[in-house]
Amino acid sequence: MFFVIAVLVGVLLGLLIPYNLNASMLSYLAVALIAALDSVLGGLLAYLNKRFNINVFMIGLVSNAILGIFLTFIGNILGISLSFAVIIVFGVRMFNNMAA
């Protein structure tokens with residue numbers, strides 16, 4: 001029940017608080033969201049298999065987001081669009097988590 005309330009409060013705050021994003025930040029946001037969704041689906045799979053560990057989940061959530069953003073940043077410096085590669089990798093992992 002706590003999670004439902006937390007999601008509702010987060011959505012409500014997101015709708016009420018104004019924010020501005022530059023066009024240059026959208027690729028980072030997309031990668032971070034896909035990485036977070038991958039971690040959430042991996043955590044759901046672990047929960048269903050009765051081997052969920054909150055420490056592993058939180059480390060995976062943060063490290064996936066940081067790694068994806070870092071690769072996107074390095075790709076932008078090199079002039080290569082690595083954000084597509086990161087999104088494809090996390091997308092494949094999400095579908096593997098959902099299929100298992």
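**A helix pair, up close**

Guide: Along the sequence, the protein reads α-α-α-α. That is four helices and zero strands. Helices are DSSP runs of H or I of at least four residues, strands are E runs of at least two, and both are numbered from the N terminus. The model is predicted, so local features need pLDDT of at least 70 and side-chain atom pairs count only at pLDDT 80 or more, while totals for chains, interfaces and linings use all residues. Residues are numbered from 1 along each chain as its sequence is written, and side-chain values use heavy atoms, with hydrogens and water left out.

The C-alpha atoms fill a box of roughly 45 × 35 × 20 Å along the principal axes. Of the 100 residues, 23% are buried, meaning under 20% relative accessible area; exposed is over 50%, and partly exposed lies in between (1.4 Å probe, protein chains only). Take contacts between residues at least 6 apart in sequence: 73% of them join residues at least 24 apart. A contact means heavy atoms within 4.5 Å.

Now the part itself. Helix H2 spans residues 26-48 and helix H4 residues 82-99; their axes come within 9 Å and cross at roughly 20°. Axes are lines fitted to C-alpha atoms, for helices over the stretch in contact, and angles run from 0 to 180 degrees between N-to-C directions. H2 and H4 are therefore roughly parallel to each other; that label covers angles under 35 degrees, with over 145 roughly antiparallel, 65 to 115 roughly perpendicular and the rest oblique. The H2 and H4 crossing is left-handed: the near helix is turned anticlockwise from the far one by less than a right angle, whereas clockwise would be right-handed.

H2 brings Ser27, Ala30, Val31, Ile34, Ala35, Leu37, Asp38, Leu41, Gly42 and Leu45 to the contact, and H4 brings Ser83, Val86, Ile87, Phe90, Gly91, Arg93, Met94, Asn97 and Met98. By class, the contact has twelve nonpolar, five polar and two charged residues. Nonpolar covers Ala, Val, Leu, Ile, Met, Phe, Trp, Tyr, Cys and Pro; charged covers Asp, Glu, Lys and Arg; the others, Gly among them, are polar.

One further residue on each helix. Ser39 lies in H2. Ser39 is buried, at 7% relative accessible area. Beyond residues up to four places away in sequence, Ser39 touches Phe57, Gly60, Leu61 and Asn64. Asn96 sits in H4. Asn96 is partly exposed, at 49%. Asn96 and Phe84 are twelve residues apart in sequence and 18 Å apart in space, C-alpha to C-alpha.
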